[in-house]
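Try each task before reading its solution.

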Amino acid sequence: MLAELPQQAPDALLALIKMYAADDRAAKIDLGVGVYRTDKGATPVFSAIKHAERRLVEEQQSKAYLGPEGCMEFVESLKPIIFGASLASSTNIAGMQTPGGTGGVRLAVALAKAAGVAKILMGVPSWPNHAQIMDDLGVPLVSFGHAREGRPDMDALRAAIAAADAGDAVLLHGCCHNPTGIDYTQEQWQEIAGLIASKSLLPILDLAYQGLGEGLEEDAQGVRTVMQAVPEALLAYSCDKNFGLYRDRVGALYVQAADEAGLARIMSNAASIARATWSMPPDHGASAVREVLKDEQLRADWRDELASMRKRMHEVRGVLAAAGIVGTIDMAPLAQQNGLFSMLPLASEQIVALRERHGVYMAGSGRINIAGLTLGNIDNFIGAVADVTG
Ligand code: LMR
């Protein structure tokens, strides 16, 4: 019976990790999966996290179960960073820990489905796992074009919302859009918030890269604007990138409800879905984040390290943009984009040629991980793009 299951293709993005590892060319360049890299190509553990982990080893008294909501001190300590002082103290917002941001997205979609959401609007391209999660949970996706000519396609978004029914959900990337790097301006967020509110849609906000775009505060403005405009919202959060905890799977789901009684009911559903899905989230990474955020010095170190990552990615974007037209590709817009990713308009044969001829690994969509470029390899990358598109 089990043997009758059809063969599934491996996840295309995660398959790149193995393909890259198997390539023995010294000059290979990894622009695939979204992990930050230093100018030396390393993905180190944040120094504040290392300190916190040492402290945990010395001082943690127990690893007994906490329950499906995980560590509430972790969940609470992130609130001011995500929501700012005024929203953070709202008694209409509660959260629970999830295994990575993916766990947060999954729980958000499952809750929306349980509440009767019939379809979810989402700009495409998007992170491939968004559609995969909706498909797996059986919630239909209604897609619209996220961007046109390097800018958010507001006409497509307006049309999608106009055609939606009250009670539909809309999934939006809070910042550092994955895969395009094309984010909404604050004015556009204001308009989106108004449209969502007037159509009574449920926003599902995915904030997976806070601090990697313009800054911790700036990157959260959009989701705050939406949440202030609506009674109910779901926000999936990831610490995987901004605390460098990728494989420790650290995330959360926050829920905003119209009143406290409703919030308690919604959270009881979230806890019950979590229990049936992963029972309880892993603790170690979340505990390390909690330790960082409760210690003034470690918190400052973390912010500084995040700022230096942001600065490096802006510098890489600057170098790419300065290259201007490379082969057939205009690199200039990359300076206006945000976060780890941008998309190059490459045909699939060109992406294969980049990999085979030049050892440059990127997603099949043409998405590149900006942080995979360093002063040591960026000229080779630009030369390779010129070669395959020229
Ligand atoms: C990515 O888009 O590269 C990351 O979010 C990693 C992942 O899980 O896909």
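**Exercise 1.** Find where UniProt places the feature "domain: Aminotransferase class I/classII large", and state the helix and strand content of that span.

*Solution.* The UniProt record, an unreviewed entry, puts this domain at residues 28-384; such annotations may be inferred rather than shown by experiment. The span is 46% helix and 17% strand, and its end C-alpha atoms lie 11 Å apart. Helices (H or I, at least four residues) and strands (E, at least two) are DSSP runs, numbered from the N terminus. Keep in mind that this is a predicted model, where local features need pLDDT of at least 70, side-chain atom pairs count only at pLDDT 80 or more, and totals for chains, interfaces and linings use all residues. Residues are numbered from 1 along each chain as its sequence is written.

**Exercise 2.** Work out the strand order of the open sheet and identify its edge strands.

*Solution.* Start with the order of the seven strands: β2-β10-β9-β8-β7-β3-β4, with mixed pairing. Two strands pair if DSSP finds at least two bridges between them. Next, look for strands that pair on one side only: these are β2 (93-99) and β4 (141-145). Finally, check β3 (residues 120-124), which pairs with β4 in the parallel sense over five bridges; here G123 stands opposite F144.

**Exercise 3.** Are helices α3 and α8 parallel or oblique to each other?

*Solution.* The axes, lines fitted to C-alpha atoms over the stretch in contact, come within 9 Å and cross at roughly 55°. The two helices are therefore oblique, as angles under 35 degrees count as roughly parallel, over 145 as roughly antiparallel, 65 to 115 as roughly perpendicular and the rest as oblique.

Definitions and conventions: Axes are lines fitted to C-alpha atoms, for helices over the stretch in contact, and angles run from 0 to 180 degrees between N-to-C directions.
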